[in-house]
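Let's take a friendly walk through a protein model, one part at a time. Keep the 3D view open as you read.

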Amino acid sequence: TKNFAVLSSGGDAPGMNAAVRAVVLACEREGGQVIGYRYGYNGLLSQSCRNLNAKTVHNLIQQGGTVLHSGRCPEFKSEQSAKTAAANLNEKAIDCLIVIGGDGSFRGAAHLSKYWSGQVIGLPGTIDNDIPGTDATIGYYTAIETAVTSIDKVRDTADAFERLFLVEVMGRHAGFLALKAAIASASDYVILPELFESEDKSLNEIELQLHKHRKDVEHDSFIIVVAENVWPGGLDALSSSLAQRTGSEIRPVILGHVQRGGSPVSQDRILATKLGCEAVQAAYDGDNCIMIGEQKGELVRTPLSEVCDASKPLTASTVKTMKLLLNNRYA
Ligand code: ADP
């Protein structure tokens, strides 16, 4: 049997708890023990941890956030930190560390493995879905749901007042969340980092689209979903450019951190549970420095080195649908 440690690091995401639960239950099934480190790599450096078992993960699957807490830990990039972490893991007789987080956290895991002989396994946890090696990340589905529900509410007021709304959706430098949220909320236009060419091109398209929309729908409410970190100058700059061009009143809305919270939807719970169980299995198979993902319904193990620095393209079929019904509807 093996001893496991688990931690959640970087941006938190709904379903991280479901992953912790799965790791603990799968590990206990094999007769092993699990400890949980608090606040990401910070807990690993300060040896702040607690035992996890069936009792501590009872009633956990539906809870948002992460019971282990998350955290950034800039000093973890140093050689000394990795050596301290290795010594702490050895002191607790840990055979395998499971890291739930995004690409930064996986870089940390790969860094640690240079100084520690135990196994390191990553589980993709982020609402941004910007991790290669898996079709979806833990938390992504819940964040889509949250964004769509919020945009539905914006639509109600947009409709009542016939206004143009800009809704900023998270995603760091990826447009997955914005794209899905825009399609599911029947928004009228979406601005994505992967497809953005220039401010002028986008403004021209929006202007044309808005003009045709007014003619066809005979209604003035119009919703534009904007992925964060795309528009130069942010939502305010876009808002004033659009006001100038269209003469319409623009209402910018930033959804913000509500997108990280909430009880995970069933898709995230199921994904987290499958990946958590598979991580324990992979540890017993002797795998090291890998991430567990799911692609086309199959569980996949990808080397961390391939996950950290590669980029993940938007799904072509989703982009195709978007181009038909959103941005170029009148082209
Ligand atoms: P995410 O995992 O969501 O991408 P971050 O990019 O903030 O979040 O990374 C989370 C943590 O991972 C950092 O605070 C740091 O502790 C660790 N980390 C990130 N990059 C490295 C690196 N190159 N070397 C060591 N640790 C790293």
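## A pair at the edge of the sheet

In this predicted model, Ile292 sits opposite Arg301 of strand E11. Strand E10 covers residues 290–295, and E10 and E11 pair in the antiparallel sense over six bridges.

## The whole sheet

Now zoom out. E10 and E11 belong to an open sheet of seven strands, in the order E3-E2-E1-E4-E5-E10-E11, and the pairing is mixed. Which strands stand at the edges? They are E3 (49–52) and E11 (298–303); each has a single partner strand, so one side of each has no neighbour in the sheet. On average, neighbouring strands are turned by 30° against each other, direction ignored.

Helix H1 packs on this sheet, where it touches E1 (3–8), E2 (33–37), E3, E4 (96–101) and E5 (119–124). The direction of H1 makes about 180° with that of E1.

## The nonpolar core

The largest nonpolar core holds 99 residues, and Ala19, Val23 and Ile98 have the most contacts inside it. Helix H1 (residues 16–29) supplies the largest share of this core, nine residues.

Leaving out residues up to four places away in sequence, Ala19 touches Ile100, Leu123, Gly125, Ile138, Ala272, Leu275 and Gly276.

## Two crossing helices

Finally, look at helix H7 (residues 199–217) and helix H8 (residues 234–246): their axes come within 11 Å and cross at roughly 50°. H7 and H8 are therefore oblique to each other, and their crossing is right-handed. On the H7 side the contact is made by Glu199, Leu203, Ile206, Glu207 and Leu210, and on the H8 side by Ser241, Leu242, Arg245 and Thr246.

Terms used:
Residues are numbered from 1 along each chain as its sequence is written. This is a predicted model: local features need pLDDT of at least 70, side-chain atom pairs count only at pLDDT 80 or more; totals for chains, interfaces and linings use all residues. A nonpolar core is a set of buried Ala, Val, Leu, Ile, Met, Phe, Trp, Tyr and Cys residues joined through C-beta atoms within 7 Å. A residue is buried if 20 or more other C-beta atoms lie within 10 Å of its own, exposed if 12 or fewer, and partly exposed in between; C-beta atoms are placed from the backbone. Helices (H or I, at least four residues) and strands (E, at least two) are DSSP runs, numbered from the N terminus. Two residues are in contact if their C-beta atoms, placed from the backbone, lie within 7 Å. Two strands pair if DSSP finds at least two bridges between them. Axes are lines fitted to C-alpha atoms, for helices over the stretch in contact, and angles run from 0 to 180 degrees between N-to-C directions. Angles under 35 degrees count as roughly parallel, over 145 as roughly antiparallel, 65 to 115 as roughly perpendicular and the rest as oblique. A crossing is left-handed if the near helix is turned anticlockwise from the far one by less than a right angle, and right-handed if clockwise.
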